[in-house]
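Hi everyone, thanks for coming. Let me put the structure up on the screen, and then I'll walk you through a few parts of it.

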Amino acid sequence: MARIDLDLAHAYRPNPQRDEDYALLPLKMTFRDGGAYALLGPSGCGKTTLLNIISGLLQPSHGSVQFDGRDMTKLSPQERNIAQVFQFPVIYDTMTVAENLAFPLRNRRVPEDKIKQRVGKIAEMLEMSGQLNQRAAGLSADAKQKISLGRGLVREDVSAVLFDEPLTVIDPHLKWQLRRKLKQIHHELKLTLVYVTHDQVEALTFADEVVVMTRGRAVQVGSADELFERPAHTFVGNFIGSPGMNFLKGSVHNNKLQIGSRLLSLPIDKVAALQQAPDITLGVRPEYVVPATPEADHALPVHVTQVQDIGTYWLVTGRVGQGEGAPVLKARLSPDHAAPQVGATEWWSVVGAHTCFYKNEERIA
Ligand SMILES: Nc1ncnc2c1ncn2[C@@H]1O[C@H](COP(=O)(O)OP(=O)(O)OP(=O)(O)O)[C@@H](O)[C@H]1O
């Protein structure tokens, strides 16, 4: 296994000038030896480009890729010793499950007794021990993709295993099981794993650290907790969570934040940082919006427009102020409270220990 250091940018077109010309804007990043990482972001943000640069399928137009301090930028995937699992099964239909799993090892001339042992272990982890002697041709799409996963994980000597949306073809009920399985396998095998997905649940379940990407930029690298609690960029606040973070524009005057006509008290420890940037955006997750009274100096009046019963909580949507253009605020309220009524005006606290503040989309406090 290897530590991977990236210091690069990539443009598919020659002579890139503007940010839009880059599929990947300049980034510096380290993947720890034995760490499990996810590259998460919407379609077109640059995940596959970054994965292909790590594997060696693509050379970056600028900068370098290093494995354990060795420059790999110009080396092929074979020379980098990378295993890769793609969206769709890459297996031999005429071979049995065991022969498919053994293939990457036989290619490397691993002794037969070692192959037997390793194939047995991987099959057991993927709960395929009973199917080892079956021909792959007769298996379901799910089982075939499990074999692909197994082939990616079977070699002990790879620098890293890269997964490109590997659960796309998997049945939804099996997906959940396999995500957890991959996490267990990572703990047991201690491989360096990089996993591309646009699904936040998949990324957050699988990875120790998630790289959140948008428009060619890696905007935050962090644990599930860090991405939820302290989104470094408004994109992360919005993309992570269900629903995402609420954002309200405001301006700072002395120790107060003005939103609409209301002046809210700011947390003492954040006042200094916020006074440097008078026009800011407040970010608060629906989980941390709590009912308050009109007297509370951190509460806003909210005109309730929708109340949804989600079972374990009420998801309440409202507008801060009147009219179509008024900012929307969502709250996840405990069912212990009476359900708010559509049309009512409620007071909600939006400033607390979990509130974040942004300037030009970047968190400043
Ligand atoms: N071979 C290519 N030539 C030119 N542009 C490309 C090429 N491959 C990707 N791009 C562009 O680079 C940008 C990033 O694409 P990439 O496939 O890396 O994104 P992604 O996040 O993996 O998206 P998806 O989830 O849809 O695969 C996109 O604007 C895409 O159109």
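Okay, so the protein has 10 helices and 21 strands; those are DSSP runs, H or I of at least four residues for helices and E of at least two for strands, numbered from the N terminus. Keep in mind that this is a predicted model: local features need pLDDT of at least 70, side-chain atom pairs count only at pLDDT 80 or more, and totals for chains, interfaces and linings use all residues. Residue numbers start from 1 along each chain as its sequence is written.

The C-alpha trace spans about 75 × 50 × 35 Å along its principal axes. Of the 365 residues, 38% count as buried, where buried is 20 or more other C-beta atoms within 10 Å of a residue's own, exposed is 12 or fewer, and partly exposed is in between, with C-beta atoms placed from the backbone.

Now the ligand. Which residues surround the ligand? They are Tyr12, Ala23, Gly41, Ser43, Gly44, Cys45, Gly46, Lys47, Thr48, Thr49 and His198, going by a C-beta atom, placed from the backbone, within 6 Å of the molecule. That shell has three nonpolar, seven polar and one charged residues. For those classes, Ala, Val, Leu, Ile, Met, Phe, Trp, Tyr, Cys and Pro are nonpolar, Asp, Glu, Lys and Arg are charged, and the others, Gly among them, are polar.

Lys47 also belongs to helix H1, residues 47-55. H1 is mostly covered, with seven of its nine residues buried: Lys47, Thr49, Leu50, Leu51, Ile53, Ile54 and Ser55. After H1 comes Gly56, with a positive phi near 100°.

Next, have a look at H3 (residues 97-107) and H4 (residues 112-125), whose axes come within 10 Å and cross at roughly 130°. The axes are lines fitted to C-alpha atoms over the stretch in contact, and angles run from 0 to 180 degrees between N-to-C directions. H3 and H4 are therefore oblique to each other; under 35 degrees would be roughly parallel, over 145 roughly antiparallel, 65 to 115 roughly perpendicular, and the rest is oblique. On the H3 side, the contact is made by Ala98, Leu101, Ala102, Leu105 and Arg106, and on the H4 side by Ile115, Arg118, Val119, Ile122 and Ala123. Contact here is C-beta atoms, placed from the backbone, within 7 Å. Those residues divide into eight nonpolar, no polar and two charged.

Last stop: Leu27, in strand E2 (residues 24-31). Why does Leu27 count as buried? Because Leu27 has 20 C-beta neighbours inside 10 Å. Not counting residues up to four places away in sequence, Leu27 touches Leu6, Leu8 and Ala218.

Notes. Contact = placed C-beta atoms within 7 Å.
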